[in-house]
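Visitor: I would like to learn how to read strands and helices in a model. Could you take me through one?

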Amino acid sequence: MPIIVSVPKETVPGEQRVALVPELVPRLTEAGLEVAVQSGAGELAGFFDDGYAAKGARLEAEVFDKADILLKVQPPTIVEISHMKEDSVLICFLQPYTNATAIRALAARQITAFSMELMPRITRAQPMDALSAMSTVAGYKAVLVAASRLPRFFPLLMTAAGTVTPARVFVIGAGVAGLQAIGTAKRLGAVVEAYDTRPAVKEQVESLGAKFAELGLAAKDAEDKSGYAKAQSEDFYQKQQEMMSKYVASADVVIPTALVPGQRAPILITEEMVRGMRPGSVILDLAAEQGGNCALTEPGREIVRHGVVIIGPMNLPSTIPFQASEMYARTVTNYLAHLLKDGRPYLDLEDELTRGPLVTHRGEVVHEIVKARLCSENSTP
Ligand code: NAD
């Protein structure tokens, strides 16, 4: 029997992406898989049923119960998990640190679940790095949203009606999303400054034509071996807030993107700092999904406090669904191709690329950090 790989329509409100695009169907059928796509799965992203069918996929009303391999964007709900086949394989963004109920349900149903967030940061894994792909989309869109809310131009304009000075943009955290935001803001003509705790970033910021904010702070062990930032002490964050105050106050737009994997985002902009900003300024908090870098951010909402617009978007990649789906689908199919041997999933648990994103397998939660989180939750009274 050939292995069936299925793609459902996403059900999380506001989610417009789809985990597979028609162009990639032949890649899977040529590997010996049958592809079943739920009717309408790609519609919101601009990929229609006839496009999938033309590339060799089967369109079905329901796909969960027959899938040997399920490709998704968002984690499945408990009801969806209850419809999945036992011993099937799931690849999606699983939100592994905050999604205990679903992870337990996946283990109980003997599902082999891979979390795209946990892809190791090694050269071999770059074509499978879904987080970086989505951060690129988010960083770009963040600037467009902020620019549209700002009551000013971004570029310098010299017109007969007068000279317009350029907007000032301050980006906090210059990882994948931050660097994309810097590049986009520069292309729109803003004057851009940026800061990151990882000193290696300074050169990348400058190569995009932005200025690196020298705060005179030395972060301890700024990054881990994967290139992610390490958490700093409360004392460090307090000093960082003090040193950043003048950059925040002089900016028209602040785009904080600072994340520490597996933890709540650090608070880097206090209410006092918001009070120091000019009315009409905009904070677009790209860390909102992890609680936000601004103390006033309300995840999922746009609010005005002390005259400053504070936006806490929850799923920016979904607002550019066509290319976000293409990019995500490429990373997922690259990962699936890695997991296949002779047209069937084959798990070499010695391989860190297979083991790294693996969360549940043979009825157990096998990812050490995720397991430790679940255990500590169990022991909390
Ligand atoms: P991220 O989304 O986890 O964090 C965003 C940024 O916030 C990071 O640059 C981090 O240093 C910064 N940050 C954390 N705390 C901060 C603070 N207090 N103040 C200011 N900034 C703070 O990170 P990311 O964008 O996913 O990636 C980080 C780095 O890893 C990048 O340099 C990227 O190039 C690298 N990377 C490597 C690979 C690979 O080798 N396969 C893949 C992806 C990314």
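Guide: We go through a sheet, a helix pair and a crossover in this predicted model.

Visitor: In what order do the seven strands of the open sheet run?
Guide: The order is E11-E10-E9-E12-E13-E15-E14, with mixed pairing. Strands E11 (211-212) and E14 (302-305) are the edges, each pairing on one side only.

Visitor: How many bridges join E13 to E15?
Guide: Three bridges link E13 (residues 282-284) and E15 (residues 308-311), and the two strands run parallel. Leu284 has Ile311 in E15 as its bridge partner.

Visitor: Which helix lies across E12, E13, E14 and E15?
Guide: Helix H5 (residues 130-149) does, at about 160° to E13.

Visitor: How do I describe two packed helices?
Guide: Use the angle between their axes and the distance between the axes. Here, the axes of H5 and H10 (residues 321-339) come within 9 Å and cross at roughly 170°. Angles over 145 degrees count as roughly antiparallel, so H5 is roughly antiparallel to H10. The H5 side of the contact includes Met134 and Val137, and the H10 side includes Met327 and Tyr328. By class, the contact has seven nonpolar, two polar and no charged residues.

Visitor: Why is strand E2 described as largely enclosed?
Guide: Four of the five residues of E2 (residues 34-38) are buried, so the rest of the structure largely encloses this strand. Ala36 is the partner of Ser6, and Arg58 in E3 is the partner of Ala36.

Visitor: Through which helix does the chain cross from E2 to E3?
Guide: Through H2 (residues 49-54), in a right-handed β-α-β crossover.

Conventions: Residues are numbered from 1 along each chain as its sequence is written. This is a predicted model: local features need pLDDT of at least 70, side-chain atom pairs count only at pLDDT 80 or more; totals for chains, interfaces and linings use all residues. Side-chain values use heavy atoms; hydrogens and water are left out. Two strands pair if DSSP finds at least two bridges between them. Contact means heavy atoms within 4.5 Å. Axes are lines fitted to C-alpha atoms, for helices over the stretch in contact, and angles run from 0 to 180 degrees between N-to-C directions. Angles under 35 degrees count as roughly parallel, over 145 as roughly antiparallel, 65 to 115 as roughly perpendicular and the rest as oblique. Ala, Val, Leu, Ile, Met, Phe, Trp, Tyr, Cys and Pro count as nonpolar, Asp, Glu, Lys and Arg as charged, and the others, Gly among them, as polar. Buried means under 20% relative accessible area, exposed over 50%, partly exposed in between (1.4 Å probe, protein chains only). A crossover is right-handed if, with the strands pointing away from the viewer, the path from the first strand over the helix to the second runs clockwise.
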